[in-house]
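Welcome! Please take a moment to look over the sequence and the 3D view, and then read on for a guided walk.

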Amino acid sequence: MEEKEDKRQQEGEQVVNPWEVSAKDGGKIDYDKLIDKFGCQRLDQSLVDRVQRLTGRPPHVFLRRGVFFAHRDFSEILDAYERGDKFYLYTGRGPSSEALHLGHLIPFMFTKYLQDAFKVPLVIQLTDDEKCMWKNLSVEESQRLARENAKDIIACGFDISKTFIFSDFDYVGGAFYKNMVKVAKCVTYNKVVGIFGFTGEDHIGKVSFPPVQAVPSFPSSFPHLFPGKDDLRCLIPCAIDQDPYFRMTRDVAPRIGYHKPALIESLFFPALQGETGKMSASDPNSAIYVTDSAKDIKNKVNKHAFSGGQESIQEHRNKGANLEVDIPVKYLNFFLEDDAELEHIKKVSLLPFMISSSLMRLHFYCFF
């Protein structure tokens, strides 16, 4: 492999993999450690500036504020684009809930920006087979959730002339399946255990799944989209917990005649209760869904959102809010595009008279 294999974290350490995200001892995710562990690179200001220069567009708020903070070979994608070579985008969704929550929207919002800025095609994989195996859902229920999630994804506003959305249950076969077999032959059982931490208790469906998520990285998996374009490069916007799949893919790609896919990777969108993990569909009170009403959202924020208020009113009046842990402020950092307005809200939030309940109401109404 091009870097150290992923191994299951020791008890008490942070855990980050495609199926579980939790911080060490109830703290925050250490992203510097993740970069070192996974072997990716920090996305620096020079790359952000280069995106602006090449596209003629202001950088997306997720780039400006470091939401997308790490990458693999993103500079090579930009090199190829500057030479006049196109690429395509690949992202996806594992449908395990009726609707997307805000955390799910992050890669799709950023992918839309990339598609519009670079004017490139996009494939979106719905891994209904994966959720069938990991969430103990029936095949039929997994397919139904994929259809429901597809509606939310379409609503993000992708260019319909350049976007292909597919579910694994409906699409896998033909050239796609041939690439799956090529990948599977290159990865030993010991290797896949080292990357993903599978154990003897996991069924063989889980062990066999990684090639399914790997091969949309290869243009020949979509002969109806990219006929005769097997040299086309691929860029994958995703959260960093998906990195293990594509470390495996990048190791295999040159051995079967393809470019290594490039990645641009995001931070996790925090749960309402704090930054110890990511917003999760498995805990409805940790998440704000696109189908939630304004009333639902307000209730969730007021009841469950972790506040930067101090432990007592007197301490709060003395010190002001701790914005390093305040979840509404964290959310505004993702979604409020106006930098000056965000800084104003932060300054007001630090005022001693802004006690916790006032802080919550201020953030909520600014957000909506």
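This is a predicted model: local features need pLDDT of at least 70, side-chain atom pairs count only at pLDDT 80 or more; totals for chains, interfaces and linings use all residues.

Let us begin with strand 4, which covers residues 68-72. This strand is mostly covered, with 5 of its 5 residues buried. Strand 3 (residues 41-42) is joined to strand 4 by 2 bridges, and the two run antiparallel. Strand 9 (residues 262-266) also pairs with strand 4 in the antiparallel sense, this time over 4 bridges.

Next, turn to the empty space. Rolling a probe the size of a water molecule over the atoms shows where such space is left. The largest pocket found here has a volume of about 940 Å³. Its lining is made up of 40 residues, and those lying nearest the centre are Arg-93, His-104, Asp-241, Gln-242 and Lys-278. Which elements each supply at least two residues of this lining? They are strand 2 (20-22), strand 5 (87-93), helix 5 (102-118), helix 6 (128-134) and strand 8 (233-239). Helix 5 gives the most, with 5 residues.

Helix 5 also takes us to the charged side chains. Asp-116 and Lys-112 meet in a salt bridge, at 2.8 Å from N to O. These two residues are 4 apart in helix 5, so about one helical turn separates them. Asp-116 is partly exposed at 24% relative accessibility, and Lys-112 is partly exposed at 24%.

How many salt bridges does a search of the whole structure find? The count is 19. One of them joins Glu-76 and Arg-233, whose closest N and O atoms are 3.8 Å apart. Because Glu-76 lies in helix 4 (residues 74-82) and Arg-233 in strand 8, this pair ties together parts that are 157 residues apart in sequence. Glu-76 itself is partly exposed, with a relative accessible area of 36%.

Asp-85 and Arg-83 form another salt bridge, at 3.6 Å from N to O. Here Asp-85 is partly exposed at 37% relative accessibility, while Arg-83 counts as exposed at 56%. There is also a network of salt bridges, which links Arg-50, Arg-53, Asp-79 and Glu-82.

Our last stop is Asp-168, a residue of helix 8 (residues 168-171). Asp-168 is buried yet has no salt bridge, and the nearest side chain of opposite charge, that of Lys-131, is 11 Å away. Leaving aside neighbours within four places in sequence, the contacts of Asp-168 include Gln-125, Leu-126, Thr-127, Asp-128, Asp-129 and Phe-209.

Is Phe-209 buried or exposed? Its relative accessibility is 1%, so Phe-209 counts as buried. Not counting residues up to four places away in sequence, Phe-209 touches Asp-168 along with others, among them Glu-130, Met-133, Trp-134 and Tyr-245. Asp-129 is also in contact with Phe-209; the two are 80 residues apart along the chain, while their C-alpha atoms are separated by 8.4 Å.

Definitions and conventions. Residues are numbered from 1 along each chain as its sequence is written. Side-chain values use heavy atoms; hydrogens and water are left out. Buried means under 20% relative accessible area, exposed over 50%, partly exposed in between (1.4 Å probe, protein chains only). Lys and Arg count as positive and Asp and Glu as negative; His and the chain ends are not counted. A salt bridge is a side-chain nitrogen of Lys or Arg within 4 Å of a carboxyl oxygen of Asp or Glu. Contact means heavy atoms within 4.5 Å. Two strands pair if DSSP finds at least two bridges between them. On a 1 Å grid over the protein atoms alone, a cavity is a set of points where a 1.4 Å probe fits but cannot get out, and a pocket is an open set with protein on both sides within 12 Å along at least five of seven lines; lining residues have an atom within 4 Å of a point. Grid points are joined across faces, edges and corners, and a volume is the space filled by probe spheres set on the points.
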